[in-house]
Amino acid sequence: MKTSNRPTIILAIESSCDETACAVVQKAQDQALATVLSSVTATSLAKHKATRGIVPEVAAREQLKFILPVIQEALQQFGGDKTDIEAIAVTVGPGLVGSLLVGIETARALAMAWDKPMIPVNHIEAHPYANFVDFGEIPYGLAPDSHQALRDDVITNFPLLSWVISGGHTELYLMNSHEEITHLGGTVDDAAGECFDKCARVLGFDYPGGPFIEKLAEQFDVAKHPLIKLPRPLIHEKNFLLSFSGLKTAFLRAFREHEHTIDSVDLKISLAYELQEAITDIILKKTQLALEMYPDVKSIIISGGVAANKGLRKKLETAKLDKSENQPALNATHSVAGEPTIHFPPLSLCTDNAAMIGTYAAFHTEKVTSWKNVTLRL
Ligand code: KG4
Ligand code: ZN
């Protein structure tokens, strides 16, 4: 790939689960953030409502249906043509095999036909890159939402703490640079998003359950609703192991215990509130522990579907950490002398999308290879 500072334009494809996505992303070598030139996402979620969960075979068939129209639309929005595109990035894993193969083989076919190099991308490593997009310059369909735009300072604010909190993963990383990333820990059983989903199911809601829990939790009023305590597993352990399976079981037990004694709407609101509190308390506590152990951390970035959760955003953005313990305070806006800033992607880039795949690739152009070498990597 070229070495001049002309922006590199990458076409990216994501198809690891029930979203089919294509984006065109651009970044010059010295730029701290990438620009999304187009981003299109189709979802087969509605198809999975009837089965109350994703059936891999159905998801793969839907990927086949969407993939070419989504690529076509992303190219139309971009406005350029294949000669402008320098590389093709694609998610190679982890995810559902059938779904992944649709994206991988389509991307390889394009790379072969257009004679372009490819950049294979790991889905989990890519999620945090939704935070390395210049929201201010997003031209298509991704209007910046209520959250603060990330400016160039996020890149200079290494070391970063990076949380990936999704339906399949809840992992914490320390990033000293884009190349030097250490896995600090993560869940030993269910992911946080999975816990939201399974508990929402107990309350009668479809996948994905997180947004339902969030809406119910917003209605909680301590003067009106009973407070039903749930455990916060492993919260006080001085390590980065998390566990959400016991919380899910406790939620089900509490539901059964109270379902005939508390009004059904009130019970749902109380349990949803406490579940969201328990999950977000655990994330906050482990963030505080990481800041204690790594006092040089300058920024915290959150990504994955659960990063959309308003309760989590509010809790982390407003947390005042005990400075006496050498802990810097979290600051939602800009760093004030040594305090870490905290960043969330726009809501549209929390759940699966191709902009994060393209942005990851734009920061890792050294990973280019021939289409001949790109295969599924679970
Ligand atoms: O990143 P994602 O789209 O897919 C995976 O890679 O897993 O994350 C989906 C997860 C689901 O578990 C969903 O319930 C959760 O993200 N989620 C939320 C919210 N929006 C999506 N959880 C809590 N609050 C939300 N607002
Ligand atoms: Zn994901």
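Asp-115 sits in the loop between α3 and β5 (118–122); helices (H or I, at least four residues) and strands (E, at least two) are DSSP runs, numbered from the N terminus. The phi of Asp-115 is near 60°, a positive value in a residue other than glycine. Asp-115 is exposed, at a relative accessible area of 69%; buried means under 20% relative accessible area, exposed over 50%, and partly exposed in between (1.4 Å probe, protein chains only). Leu-234, in the loop between α7 and β9 (241–242), also has a positive phi near 60°. Leu-234 is partly exposed, with 32% relative accessibility.

This is a predicted model, in which local features need pLDDT of at least 70, side-chain atom pairs count only at pLDDT 80 or more, and totals for chains, interfaces and linings use all residues. Residues are numbered from 1 along each chain as its sequence is written, chains are lettered from A and ligands numbered from 1 in the order in which they are written, and side-chain values use heavy atoms, with hydrogens and water left out.

## Cis peptide bonds

Gly-93 and Pro-94 are joined by a cis peptide bond, with omega about -10°. Pro-94 belongs to the loop between β4 (87–93) and α3. Another cis peptide bond joins Tyr-207 and Pro-208, with omega about -5°; Pro-208 is in the loop between α6 and α7 (210–218).

## Helix α2

Helix α2 (residues 56–78) has 23 residues and reaches 31 Å from its first C-alpha to its last, close to the expected 33 Å. The expected span is 1.5 Å times one less than the number of residues. At Phe-66 the helix bends by about 40°, and Pro-69 follows within four residues; the bend is the angle between axes fitted to the seven residues ending there and the seven starting there. After α2 comes Gly-79, whose phi is positive, near 90°.

The buried residues of α2 include Ala-59, Gln-63, Ile-67, Val-70 and Phe-78. The buried residues of this helix pack against β1 (8–14), β2 (19–27), β3 (35–43), α1 (45–49) and α3. Asp-18, in the loop between β1 and β2, is buried at 4% relative accessibility. Beyond residues up to four places away in sequence, Asp-18 touches Ala-42, Thr-43, Ser-44, Leu-45, His-48, Ile-54 and Gln-63, where contact means heavy atoms within 4.5 Å.

## Salt bridges

A salt bridge is a side-chain nitrogen of Lys or Arg within 4 Å of a carboxyl oxygen of Asp or Glu; by this rule there are 12. Glu-62 is buried, at 8% relative accessible area.

Asp-190 and Lys-248 form a salt bridge with closest N and O atoms 2.9 Å apart. This pair links distant parts of the chain, 58 residues apart: Asp-190 is in the loop between β8 (181–187) and α6 (192–202), and Lys-248 in helix α8 (residues 245–258). Asp-190 is buried at 9% relative accessibility, whereas Lys-248 is partly exposed at 22%.

Glu-277 and Lys-315 meet at 3.1 Å, N to O. Glu-277 is in helix α9 (residues 264–293) and Lys-315 in helix α10 (residues 310–318), 38 residues apart. Lys-315 is buried, with a relative accessible area of 15%. Shared partners join Lys-229, Arg-232, Glu-274, Glu-277, Asp-281 and Lys-315 into one salt-bridge network.
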